[in-house]
Amino acid sequence: MSSELRALGWGDDFEQAFEAYVAPLSSEERARLTPVRVVGVQRQTFGVRGLHGEEEARLAGASRHAGTLTPAIGDWCVLDRAADGAGRILAVLPRRTTFARALGASEDTRRSQALRQQVIAANVDLVLIVTAPDADFDLERLERYVQAVQQSGARPVLVLNKADLHADTGWWVRQLGTLGPGLEIHVTLAESGQGLEGLRALLTKGVTLALIGSSGVGKSTLTNALLGRAAAPTGEVRASDQQGRHTTTSRTLYLVPGGGLLIDNPGLRDIAVWDADAGDFGELEALAAQCRYRKCTHTTEPGCAVQAAVRAGEVSAARLAAFQGRRTRR
Ligand SMILES: Nc1nc2c(ncn2[C@@H]2O[C@H](COP(=O)(O)OP(=O)(O)OP(=O)(O)O)[C@@H](O)[C@H]2O)c(=O)[nH]1
Ligand SMILES: [Zn+2]
C-alpha cells in the first residue's frame with residue numbers, strides 16, 4: 001500500500017472498499033479511478049488530495065442529482081480523473097468515524113427528512129477537547145463533548161490549555177480526571193509551546209486530529225503551533241476548470257509537519273454553538289420541526305410530532321421530560 005496515501009490516513013479498510021468498488025469495472029475505467037481524501041469543501045467543489053497532489057473536484061453528475069453523495073471534510077472518495085483533467089467524485093468510501101449533527105427546525109424545513117444529518121467531518125481519529133482553567137471551565141459541557149466525540153467513533157483527548165494562568169493546575173486536572181477512566185489529559189501552554197510534545201506524539205503517520213472547545217480557549221493558537229505557522233491563513237487548492245479558468249477551493253485539512261493530519265474547520269469549531277442549540281437532543285429537535293405549530297410545547301397540542309413519537313414508542317417519556325427540562329432551563 002502506498003506510503004503516500006498512508007500519510008494521508010489511508011488504511012486497509014478503505015483499500016478494501018475501494019477495491020470492491022472498482023472490481024466490477026473494465027480495466028480502462030479502473031485505470032482512471034483513484035482514491036483521494038477531501039481536504040476542502042465548498043458549495044460546488046471539493047479540494048481533494050491523493051497520489052497526484054491536491055486538486056479540485058466536482059461531484060459526478062448522476063450522484064449530484066440523486067443527492068445521495070455528500071462528501072464531508074476528511075472523507076475518502078473514488079475520483080474519476082477524466083482526460084481533460086477535471087476530477088469527478090463518484091463515491092464516498094465507508095467512513096471510519098462520523099461527526100454529524102441532526103439538522104434542527106431552522107435549518108431543515110424539509111419535514112419529510114426530519115432526521116436528516118449533516119456530516120461535519122469524517123474519518124477523524126482523535127479529537128482534542130480543549131479547555132482552560134478560567135471562566136470557560138464547565139465539566140458538564142466537557143462531558144457532553146466527550147460523549148459527542150465517542151459517539152462519532154473518534155477518541156477524545158482532554159487538553160487543559162493556558163496552564164500559565166495558575167501556579168498549580170492540579171485541581172483542574174483532577175476535575176478532568178472525573179470525566180472518565182482512561183481519558184488522556186494534556187496540560188499545555190499554547191502560546192509558548194509548552195506541553196506540545198505530548199500532542200505531537202499523538203500525531204503519528206496517518207492519524208487525523210481535530211480540535212473542539214469553546215471560543216477563546218486557544219484552539220487557533222494550538223493549531224498554529226502544531227502546524228508551525230504564525231497566523232491561520234486558509235489554504236487553497238488550485239485548479240483550472242474546463243474553460244481553463246483558474247479556480248480555488250479553501251483547504252481545511254492539513255498535513256502536520258512531522259506526521260498526522262489536522263482538520264480545522266468552522267463546523268467543528270461550532271460544536272460549542274450547536275451544543276448550546278441542540279444539546280444531545282438532536283433527534284427531538286428534528287421531530288419538533290414537524291409539529292403543526294411552530295411554538296409547540298409538545299404537551300397537548302394537536303399535530304405534535306414529538307408526542308406522536310412518544311405514543312409510537314420511538315421516544316421515551318423520560319427522554320421527552322429531559323428535553324423539556326433542558327428547554328425551560330435556558
Ligand atoms: N495565557 C494564555 N493565553 C493563551 C494561551 N493560548 C492561547 N492564549 C490566548 O487566548 C486567546 C484566544 O486564543 P485562540 O487560539 O484564538 O482561541 P480559540 O479557541 O481559537 O478561539 P476561537 O477562534 O474564538 O474559537 C488569544 O489571545 C491567545 O493568545 C496560553 O497557553 N496561555
Ligand atoms: Zn410538538
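Author: Here is a quick tour, starting with the ground rules. This is a predicted model, where local features need pLDDT of at least 70, side-chain atom pairs count only at pLDDT 80 or more, and totals for chains, interfaces and linings use all residues. Residues are numbered from 1 along each chain as its sequence is written, while chains are lettered from A and ligands numbered from 1 in the order in which they are written.

Reader: What is the average pLDDT of the chain?

Author: The average is 83, and 80% of the residues score at least 70. pLDDT is the predictor's confidence in each residue, from 0 to 100. Residues 104-115 fall below 50. That stretch has 21 contacts beyond near neighbours in sequence. A contact means two C-beta atoms, placed from the backbone, within 7 Å. Residues 273-278 are also below 50, with eight such contacts.

Reader: And which ipTM and pTM does the complex get?

Author: The predictor gives an ipTM of 0.95 and a pTM of 0.78.

Reader: OK, ligand 1. How many residues surround it?

Author: The shell has 16 residues, with Ser215, Gly218, Lys219, Ser220 and Thr221 the closest. To count, a residue's C-beta atom, placed from the backbone, must lie within 6 Å of the ligand.

Reader: Which helix gives the most to that shell?

Author: Helix α8, residues 219-227, with three residues. Helices are DSSP runs of H or I, at least four residues, and strands are runs of E, at least two, numbered from the N terminus.

Reader: New topic. Which residues touch the most others in the largest nonpolar core?

Author: Cys77, Ala121, Val127, Leu128, Ile129 and Ala210, out of 61 residues. A nonpolar core is a set of buried Ala, Val, Leu, Ile, Met, Phe, Trp, Tyr and Cys residues joined through C-beta atoms within 7 Å. Buried means 20 or more other C-beta atoms within 10 Å of a residue's own, exposed means 12 or fewer, and partly exposed is in between, with C-beta atoms placed from the backbone. Strand β8 (residues 126-131) gives the most to this core, with five residues.

Reader: Where does this core lie relative to the domains?

Author: Domain 1 (3-92) and domain 2 (99-235 + 247-271) both contribute residues, so the core lies between them. Those bounds come from an automatic or database domain assignment.

Reader: What does Ala210 touch?

Author: Ala121, Val124, Val127, Ile263 and Leu268, leaving out residues up to four places away in sequence.

Reader: Last one: Phe18, buried or exposed?

Author: Phe18 is buried, because 20 other C-beta atoms lie within 10 Å. Phe18 sits in helix α2 (residues 12-22).
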